[in-house]
Structures are given as structure tokens and as C-alpha cells.
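Let's walk through this model together, one region at a time. Please keep the sequence and the 3D view open as you read.

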Amino acid sequence: MGSPSTPAAGDTPAAPARSGVPASGGGTRSGPGDGAATGTAGGPDARRGIDRPRTLRLLRYVSGRLLTAAVSLFAVVVTSFFLFRILPGDPVRALTQDRAVTVEQMEAMRREFGLDQPLWQQFIDYCLGMLRFDFGVSYQYRVPVTDLLLDRLGPTVLLAGTGTLIAAVIGLALGTGSAWRRGSVMDRANTGVALTLWSVPSFWLGLLLIVALSSGAGLFPTSGMMSPGVTGTFNAAVDVAHHMVLPLATMVAVVYAQYMMVMRSSLLDEMGSDYLTTARAKGLRDALVLRRHAVPNALLPTVTLIFLELGRVLGGVILVETVFAWPGLGSLFYSGLKVPDLPIVQALFVVFAGAVIIMNLLADLVYPLLDPRVRS
Amino acid sequence: MVARQQQPRPRSPGRTAPSRWVGLLAAAGALVIGALPAAAPSAAAAETTGDDDTMTIAVSQPVDSLSPFVAQRLISTNILRLSYDFLTNYDAETNETIPGLAESWETSEDGLTWTFKIRDDVTWSDGEPLTAEDIAWTYTTIMEDEAAAKANGNFVANFESAEAPDPTTLKITLSERQATMLALDIPIVPKHVWEKVDDFGTFNNDKDFPVVGSGPFTITGYRPNQSVTLEANTDYWRGAPEFEKLVFRFIPEKDAQVEALRSGEVDLISGLTPAQADALQGEENITVNTASGKRFQAFTINPGARTQDGEEFGDGHPALKDKTLRQAIMRAIDKDEIVQKVYGGYAEPAGGYIPARYERYAWSPEGDERLDFDVDAANKMLDDAGYAMGDDGVRVSPDGDRLKLRMHVHNNRPDYVSMGRLMQERLADIGIEVDNRTVDPGVLSDALHNGKYDLIFTGWSVNPDPDYVLGIHTCDALPETPGTMRGDAYFCDRKYDELYDKQLAEDSDPEKRAEYVKQMQAVLYDEAVVNTLTYSNLLEAYRSDVIGSIQVQPDPGGNIWGQDGHWSFSMATPAAAGSGGTGLSAGVMAGIAAAVVLGVAAGGFFLWRRSATAEDRE
């Protein structure tokens, strides 16, 4: 890593858009670094204004955010339809590739998929369906896409949720430690390892883990979510946990860096603040100063980041799920793209982008509650 | 610097908040990681060695449907081959047609009426007898219901009727003669179950288990995108299979499949790359099977895209209408080089259109008709035909068109990509510049169907009955309107069509039919529009500590996965018990792992504290 003197306040990794979610729609917030940048001034003791104008302002704030989110969501729905129509290749030909089929059979399939309709008709049907949460029928699985999404949502939420939780806890702890001993060997090692892992392609890391720990050491299953033929709730839970170790490790290794770096830099910011000097002047022990005063304030940007990332992580597990054959939304997206299975990729595009939008919205709405400065 | 001076310094290093955090974390992490595998060895063991009579097969495609009427994918049709029976089968060793549900058959003189005698000793897995009525109903449903025709409609396109005058007689009336009557790859379903289905388009046959069938195995479980489980049908009329259970596990990544085989999680994998096969060769308890190819790799040359009515479209290079140029292109390509450099020797250079493994139909050019690799001969052909060499080393056609050709290659097929590069080099040797477009299959398909290409890669798996792959080069396969072509070349030749009709009508004399098929390949070869390059080997590997013996088709030299029949699974025998499972048990290994993880965590923790102390001493 760079010279020991480099880490300065605000040197967050600029939260690169590395996840698999197509960058679109979402951007109502500019980035997790913002919170840290505002962290030096003022304190939690903001004026206690009363009243009407403030409630009104809050109302305007909330409705503004809601409107932005709705508009973004609509843009995503429209984009999802046209984006994937540009994809070259005829899904019917892709599906029947290498098979003996008659022209009549192919035409029947086109009719069934609605691909014989003019584009505007398909678009209207798509939008109307969307209003009823009806994403159409998958070309390759021949079941309603909504059913597929519900089926696969659980495994993805399990993996992405647990992964985010672990990554956040590790990131917060290491970030706090690093900031507290800025410039130490441990800090430099931490930052170096975190940034290296952050730049590692997750499928490559996944394969590496499989080679080393699955087929090599025989410790974990190479892929899947459950062994066939496992019965009983407890056994099944243990089996799933066992299957989850490697995908989880891959995911956590790659994403914890951003939590760590944000926590580190925002804590560094806080550590220069006057109120900490005051706290110490009152005779409080350093550990107490850190825990009671510095960390809670520094947590703010990190918590926002966690919210924002929750949306993105949902789509970001595409590669991890594919490598480990984890039966979630990510591997579904991959299998949909290969055909292309339009109803699936459209629906997942909306779900992934929608998750980012909704998490942005939640972050926007929760932020004033956490940080009074935003309210005024 | 200012910030650094203000940095608080912990007084009691061991008791600071961060180290407590880390300690807690390390402890929690170690606990979780340690607990998981320790609690799970039962699962791991069951997967690896626990059940000797289970064969687990890795597959890379998800199942599209378990309904024989709509399932299109190779994985699905392979599973359906195990759970349903067919009218006739292909012999495991010779690939010849053998009796299936039909014991014997006869044809009327005009070839339009076929009468099959159906076995009377077959029962469905629910105990009901299987009769000719079930077969007639299956065929009739495909004929009458568009949704049910999705997968196998092509087989019955010529059917007038399919009737069952009595339980052991099936009578099929045709509108035209059809030589493929003994190659009807249609799974027969039980009428008493399927007649209750309302909509064949949406019924996937994947809710009620076990699925009623009559094949050597019965589908007993299905987890979408994860696995399909089948159990042996102990009453199977050919005799019960020795493996009690088959599990097809979905693992999309090939490298992950290889690792799963190594770890013993799966027992059979297929579709290996030469590098993967080489890596597995000689590993303990793993056998690699190198099968002769069922598939050919080829490229087609755009001779001018046109519709059946003769309307020209697209923008193929005008010089490619010249057979001499097309033949010169063939002479410039070194197929042996491709076999060695692209396939590492795991392929055969291709002669005719039908892969060499189908001995009856295989054909190779002889004598003067051969267009073997010979750069000088190719250059001379072009010189003689008036293709003048330009100053830039690229020839110009007699009409003044520079010989710059677009070549479309599938970017998802590493072998094609390498082949494309080699061809680009070789064609430069004869003054043809190649614009190598390695693209998404969808882009390639669009270019083909719009006629906007010059050279395009292709490849087909060939069935024991070659009718379909031959049929896609008849004039009838040209598009009715641009974009609706059936095959992969705008080929149309009167002589070829005549031969095609003759072979299709030759339903009583297989040798004579094969003769016509060979003549068709000679026409294809000479016209040099459809050019085969190689028949690549099928590379597979299995655990020999689980699978004792497994039947290949054809035998010898055949493949295990994707057979025209169910022989690999119905005839496989488990390895003798106790041969596997050497080495440490999963539990012990898990314990070691937990200890290692704990050790690393403790080490990290110790280092952390040391560094903290060191800083305090500053």
C-alpha cells in the first residue's frame, strides 16, 4: 500500500459501482462519502426548533424523495423492456438450437411468447402485467416469472443478508481498530488486505476456494444449497449452513472493504473533533470516549452505506451464485441472460434496480432520524 | 499531521474497545466456522461415499420441463429417456434400431401404412398395463394439439392417423413415405394420467411424484435449478437397473463440476475441455472416457442468401457465388492443425457431413475429389480463375471486388474462437483477408438469418438417423421470407434434393438409403458451401470407486452422457463396496479445519495486541 502518511480524513474507497446491477435509475444519493464529509462541523446538540415550518419541511422532504423514487422506478420499468429488446438473437432460435424443429413449431412458440405481436403491443402488455405483478411466463422454465422470483428470493436474501451482516460487522470492527491505531502495522496490513480483496473478481476467488477447501481439503460442498436426500428441519438447516460457508466467505471477502474504509475514515474525521477533546478533558477514559462519543457519530455514514449496499448486494451476488450453483436470483439472471429469456431478465432488472431505489429511499428517509443536521 | 497529534492514545492496551470487538468477532467467527462442518459430516458423507448404489451426475443446464411434450433441452430429454419408453430403441453397441415397446413391425407396399406389434408384458409404474392405446394416444395428441407438438412435432408431421385396433397392435398411416419411422424419439406417456391434462403448454409434469412412467427409472423428486432424483424401476421389462438411485445435480460451471468430481460429490461429468480431461487423466479413482464425436464443427460460406422464390437479400460477398473460390478456401485450411492446436488431439479431422462414428452413413472424399490442405494448389486455383493478387497481399476478384471476408464466430465456444484465429491466418496465405468477428451467438444468428455474413461457424449433433441434419440443406429449407430459414446455409441444389427424396422414401432397404446419404454428402463436399472441419471427441469422466462399469454407445469408442437410449444408466454397475472412502473422514477433516481457523484467529488476535502495545510504547 501507499506511504503510511496517506490515510487522511475522507479517503474512502469511492464506492465503485462493482456490483452486477446495471447502473441506472437509482442515483438519488450521490455516495456514501457525503456523510463523512459533513462530519466535522456542529454536533448532536442542534437547536431545538419547534413546529409547523419544520413539520412542513419534513413533509416536503419525504414527498420529494417518494416522488423521485417513483419516477426512477418508472424509468427502470421502461428501460427494462427496451434494453433487452436490443439484445441480438431470437429467443426461440436459441431455445430450439441444435434440435430438429419444423417452422410450424417455431411459429407456435413465437405465438405463445407473444413475440409475434408488434413491439408497442408487447410493451403495453408488459406494463399492464407489471401493474399486477405479472412478469409473464419464462421461456425456458415455462412457469410464471413471479413464481420463479418468489422461489429464488429466499436463497438470495439468505446469502446476501447474512453476507452483508457479517461484512458490516467485520468492516466496522476492523475500520474502528484501524482508525484508532492509524498508521500502525495492523492498520496498513488491514487496509492492504481489504483493498486487495476488494479488487479480486469474486468468481475467481470462489473457484479458488472451491479448489482449496472443497475438492482439495474436502471440507465443504463445492456447490448447491442442499445435498439431495437430506431430511428433517435440523439436518436441512445444518446442510444449508454447510453449503453456505464458501459462497458467504467469497462474498464477505470482497465486500467488507468498503464498510471498513468508510468506518475508518469517518472515525478519523471524528477523532479530530473538539467534543472529543472536551470529553477527554472531563477525565473520561479513552476507551469510553471512543465507544460513547466517537464511534456512534462515525457510524452514521456507515449505516447509510449498509442501507445502500443492501439493494446492490441483491444483484451483486450474480457471479457468486453462478460459481456455487446457489439457487438464487443471481444464478437465475445468469441463466436468463444466456437464452435470452426476456421475461426473466426484464423482471430481475426491475427487481435489482428497484431494490437499489427502495434502499436509497429508505436511507433518505431514515437519515434525518439519525442525523438532526439533515432535518434543518 | 495535526490530526495525528490529536489522536487519542489508549492507556490500557489490552482493554480498548477495538480489541474487544475483534476478540469477540474472532471468537464468534471461529465458533460458527468450526460448528458448521463438524455438525455436517453426515451430509457430506452421504454425498460422497455413504450410499453405494446412488450415482450422482453433474449437469450444466437447468431442466426446462419434465413434460415429454414440451421439454426441449438435452438435460430434460435425457432424463425423460430414462423414465419413459419408446416405440423402438437403438442398440447399445451398434446403434442399430432394435425393438422397444414394439416387438416387430411391417410396412405396406406403398410404404404408407405401418403396423407395429406391441409388447404385452409392460406395465406403468402405477401398475396399469401399457397398451397400444397409450402409444396411439401419445402420437395423436401431438398431431392434434399445437401445444403438445412443441418438442416432437417434427416426427409426426407426415402422420395421417395413429390407431390401436387392439391392445397389442399399433397402426400408423402416413401421408408421405418416411424412412424415419423406426427413429421416432417420442417418449410414450400413460393415457390414463395425461388425458386429464387441460393445457399441454403449461403442464410441466413436475408436481406429483413419483411420475408415472415405464422406463428403467422413475422420477421421484425435482428441485428446480438444483436436482432431479430418479429411482430404479424394479419391474422394468428389460430387467431392473443395478443402481438404485440416480441424482442429476445442476452445477453450471464446468470447473466447479471438475472439482465436485474430485471431491466425490458427483460421480459423472461430461463435456470436458481437453485441458480438463488432461488434468483428470491418471487421478486416483477417476476414469476419463474419450468418445468419438457425435457432433461436427463446421463453417458455412454464404453463396448468396435468397428465399424459396429466388428473391435475393443480405450482403454476402459476391465472389463467394464462385465454387472455385469456395473450394480454394477449403484447400487453404489445415484440419490436422486444428485437431492438434485446438483440440489437443481430442478430435478427428472431418471428411463428410456425418461423423465417422455412424459407420453406415459416414463418407469420406476420395481421389481427385479431395480438397486437402495445399496452399500452393489453392493459390494456383485462384490464379487460374483470375483472382489477381493485389499489392497489399489481398486478392481481387475478376469483378474487381477485394477479397475481404467477414467471419462470424461464437464467442462462447473457446474451440471455435481458436479455430477462427487459425483460419484467419491460413486464409491470409492465399490472399484472403478475414475480418474476424467473434460475437455473441445472438449476433451471429441474426447475421446468418439476415444473410449478412460471408463465413459463419456452425455445428450439429447428429442422431443415428441423419434425416434432419440432411433436411436443412434442401431447397425447401430456404426461407419463405427473409429471416425464416431452417438451417445454417443458403444451400439449394437440385441433385441434392433428388437424393434427399430418394433416401427418405427408401424405408425398406437401409443399405440403399445409406448409399443415397453418402451421395448427398459428396454433393455438399463438392459445392463447398457447408464445410465440416472436425468431429471433436466427447470428453467425460467418472468416479471408478462408485461406478464399477458403465455402458458406452456405440461400444467401443462411444459416449456415456447423451446416448440414444438409456444404456449408460440402466446397465451401469456399482463398484464393489468398500473400495472408496479411504483417507480421513469428513468429521476429522472438519475438526482439523476448525482447529486451523481457530489458530489463525488466535494468531491474528495476538498480533493485533502486540502491535497495539508497540504503538503505545512509541
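Helix α5 (residues 132–144) of chain B lies across β5, β6 and β7 (169–174) of chain B, and its direction is about 160° to that of β6(B). Helices (H or I, at least four residues) and strands (E, at least two) are DSSP runs numbered from the N terminus. Angles run from 0 to 180 degrees between N-to-C directions, with axes as lines fitted to C-alpha atoms, for helices over the stretch in contact; contact means heavy atoms within 4.5 Å.

The strands under discussion belong to an open sheet of four strands in chain B, with the order β4-β5-β7-β6 and antiparallel pairing. Two strands pair if DSSP finds at least two bridges between them. β4 (102–107) and β6 (159–166) of chain B stand at the edges with a single partner strand each, so one side of each has no neighbour in the sheet. From one strand to the next, the twist averages 20°. Five bridges join β4(B) to the antiparallel strand β5 (residues 113–118) of chain B, and B:Thr107 has B:Trp114 in β5(B) as its bridge partner.

A word on the model itself: it is predicted, with local features needing pLDDT of at least 70 and side-chain atom pairs counting only at pLDDT 80 or more, while totals for chains, interfaces and linings use all residues. Residues are numbered from 1 along each chain as its sequence is written, chains are lettered from A and ligands numbered from 1 in the order in which they are written, and side-chain values use heavy atoms, leaving out hydrogens and water.

Further along chain B, look for B:Ala575 in the loop between β23 (573–574) and α18 (586–617). Is B:Ala575 buried or exposed? B:Ala575 counts as buried because its relative accessibility is 13%; buried means under 20% relative accessible area, exposed over 50%, and partly exposed in between (1.4 Å probe, protein chains only). Leaving aside residues up to four places away in sequence, B:Ala575 touches B:Ser544, B:Asp545, B:Val546, B:Ile547 and B:Gly548. The C-alpha atoms of B:Ala575 and B:Ser549 are 7.4 Å apart, although 26 residues separate them along the chain.

Now turn to chain A, which has 15 helices and zero strands. Of its 376 residues, 52% count as buried. In chain A, 78% of the contacts with a separation of 6 or more are between residues 24 or more positions apart.
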